[in-house]
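Take a look at the protein below. We will walk through a few of its parts, one stop at a time.

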Amino acid sequence: MPGMVAFGRRWGIASDDLVFPAAFEIFLRALWWLGTLVLFAYRKGHFDCRGGAVLHAYLVGLLVVLMLILLCLCAIVFISAQGTITNPGPRRSMPALVYLRAALYLPELAWACMGAVWVSDSGGGCDPATVAAVISAVVASWVILLFTAVGVVFVFDPMGSSARRPEPAEPLGVRDLESSEGSQFLSTARSVAAKVWEWRLRLLCCCLPQDESRRAAFASISQLFGDFFSDTDLVPSDIAAGLALLHQEQDKVELSRDPDGVLSHSPSSPIDGDLEAELEEAAHCMTFAAAAYGWPLYVYSNLLSAPCKLSGDCCRSRAGDYDIVGGDHLGCHFASILQSTGLQYRDFIHVSFHNQIYEIPFFVALDHKREAVVVAVRGTLSLKDVLTDLSAECEQLPVEGVSGACYAHKGMCQAAGYIYKKLVNDGILNQAFSIAPEYKLVVTGHSLGAGTASVLAVLLRSSFPALRCYAFSPPGGLLSKALADYSKGFVVSIVLGKDLVPRLSIPNMEDLKKRILKMVSNCNKPKYRILLQGCWYELFGGDPDDFPTEMDNRREETLRQPLLGEESLMIRHSSSYQSLASDDSPAHAPVHFPLFLPGRVLHITEDGPSRRSCFSQVRYRAEWSTEMAFRSVLISPRMLSDHMPDIVLGAPSLNTERDRALPPLPPRQQPELRPGPARPGCAFILISLSERQRKQKD
């Protein structure tokens, strides 16, 4: 539903968003009204104290004002619950009710002042209980007025000026969506949106020094956000409703078909024996990727023991052969890295905690257990890292010997270039291999660190042919198709469950926006019912219900077909949204180049029911997948938790010795899931190989 228009501008709230806030206020006002009525009945006939006449007038007036407010709120709840997201007709009287409710704030303000004056001038002549009740009423009035003002600030839309709104669109049909007028309006809307987003970013990052690199990052990110949001007219609650509907629709699709996009063997090898070895190696490398986060993750994963373990090492000065750069004045980061990896001081070649936009912390260490020089890159842990993440446009990354377009995520490409210069130009790797010349080079990281590590591996590959990279939960929009295929020989991406980040890319987000538009435009229920149903489904589970939409017999393929109702949610047709255009039309040309996950993809999925109790053991299956299986965003309560480094830390564990001891499985028998060793800060993780992999291994 487009934002509600009131007081001459559009607001970031729709006319069907007032059901829950108004119902909550009704509950508070009803208690307040009953309390005032009890006080009035208690004082009836006993208003002979000093200021009694003023008190009598105050209570009577307060009862009347509260009753008028309650009646207005009841009307708001009733009207706001009518219609659907794209059918605001039954709610056409909502602006008038909003004006009435705003007008009722004036007598409430006057009565609050009147109560305050009575308490200060005449309250001493009445009993303390009455004075306390009046003080409570006055405080309640001011608190509600304060929260109302805060709410107005939150729903204020800087781009909501009526002067910039488009004229009502002609009926869908023979109109030129790419007319000069439409293009000019869309260009203006995007320019305004970019300026607003840049202002928001500057306000959010006001604590950061405003140098040239940050200004360039703000401009780039704001342009990206402005382009993404400028062609739709959705409010946040519409997006929440669309996500709730889409989650249930995706669950229905998942229940109605067999899993696809899964390979029974490694994409680069004709045999399956490398899955077990890759899992074991990944479990080892994840300790380095998690250690790069320093003390925050270590303390979070070991709440009871971490303070004691770190207290002896923090603030302690030790000389060594390693080089520590910036950001760890007390030594707690380095102490936690020592505790997490189990390495000695002498095993570290270089440790950098320096953190700026496009410059992220990393360390280089000698792993004698695996005979490797490990480069571990830290993931997102600061506001500067977030800005690096959000610099998601493409940047050229030419690689010798790779045919086809070579480009990558700009922020991670520049971060990898920064680390590459440190490793190569500053001689860090030369120093490491002068100590252990027979060791191999391994690059690893999680999230932002995974994406940066993958690009860094591409840059280092020509100099170190035996290089290996283990990228945990890397972003989906990272490498072009040519570079993604090239990296399959030395990069392994590990993705856990329904992790959101490996499915994040600009085309995927455009697809998600299109799907949300289709779901909400095809919905035949009011928004409040969709949100209630969605909350119940997320909290308590159950079977996905068919009632929220009219898509009873339509599934995944239907989400890609045009819907007439979508047009009411579009400001103007844009080249990023093409459901109303022909596939062959010029407008269908892609705006953003597609980017993919790096290397081979090892997908660890939860086995068994998606809903489980908090005390049940988590069971996972590890199988090879492809980057194409992550071309759409999956909505799930675990889409964020599956990305957390402490959860990923436990997922790749595999008890290989016990696997070898088991007898061969008979045909068509499902393999038994066996427990693996628990990792700190994680649930007990169980992983199994598929039946085909088990047979081939035996």
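Start at a hairpin. Strands S6 and S7 form it, with four residues between them. In the turn, Glu371 has a positive phi of about 55 degrees. Strands and helices here are DSSP runs, numbered from the N terminus; a helix (H or I) needs at least four residues and a strand (E) at least two.

Before going further, note that this is a predicted model, in which local features need pLDDT of at least 70 and side-chain atom pairs count only at pLDDT 80 or more, while totals for chains, interfaces and linings use all residues. Residues are numbered from 1 along each chain as its sequence is written, and side-chain values use heavy atoms, with hydrogens and water left out.

Stay with Glu371. It sits in the loop between S6 and S7. Most residues other than glycine have a negative phi. Is Glu371 buried or partly exposed? Glu371 counts as partly exposed because its relative accessibility is 46%. The cut-offs are these: buried means under 20% relative accessible area, exposed means over 50%, and partly exposed lies in between, using a 1.4 Å probe and protein chains only.

Now follow strand S6 itself, residues 362–367. Six of its six residues are buried. In a regular strand the side chains alternate between the two faces of the sheet. In S6, Phe362, Val364 and Leu366 point one way. Phe363, Ala365 and Asp367 point the other way. S6 has strand partners too. Two strands pair if DSSP finds at least two bridges between them. S6 and S7 (residues 372–377) run antiparallel and are joined by six bridges. Val364 has Val375 in S7 as its bridge partner. S6 also pairs with S5 (residues 348–352), in the antiparallel sense, over four bridges. There, Phe348 stands opposite Ala365 of S6.

Next comes another covered strand. S12 spans residues 491–496, and six of its six residues are buried. Val491, Ser493 and Val495 point one way from S12. Val492, Ile494 and Leu496 point the other way. Here the pairing is parallel. S11 (residues 468–472) pairs with S12 in the parallel sense over four bridges, and Tyr470 has Val492 as its bridge partner in S12. S12 also pairs with S13 (residues 600–606), in the parallel sense, over five bridges.

Look at Ser473, in the loop between S11 and H17. Its phi is near 55 degrees, a positive value in a residue other than glycine. Ser473 counts as buried because its relative accessible area is 0%.

Now turn to two helices. H2 covers residues 52–80 and H5 covers residues 128–155. Their axes come within 12 Å and cross at roughly 45 degrees. Axes are lines fitted to C-alpha atoms, for helices over the stretch in contact, and angles run from 0 to 180 degrees between N-to-C directions. H2 and H5 are therefore oblique to each other. Angles under 35 degrees count as roughly parallel, over 145 as roughly antiparallel, 65 to 115 as roughly perpendicular, and the rest as oblique. Which residues meet at this crossing? Leu55, Tyr58 and Leu62 in H2 meet Thr130, Val134, Ala137 and Val138 in H5. A contact means heavy atoms within 4.5 Å.

Two single residues come next. Gly12 lies in the loop between S2 (9–10) and H1 (19–43). Gly12 and Phe156 are 144 residues apart in sequence, yet 5.9 Å apart in space, C-alpha to C-alpha. Lys410 is in helix H14, residues 410–425. It counts as buried because its relative accessibility is 19%. Not counting residues up to four places away in sequence, Lys410 touches Ser220, Tyr358, Ser391, Glu393 and Glu395.

Finally, step back. The protein has 22 helices and 16 strands. Buried residues make up 52% of its 698 residues. Among contacts between residues at least 6 apart in sequence, 74% join residues at least 24 apart.
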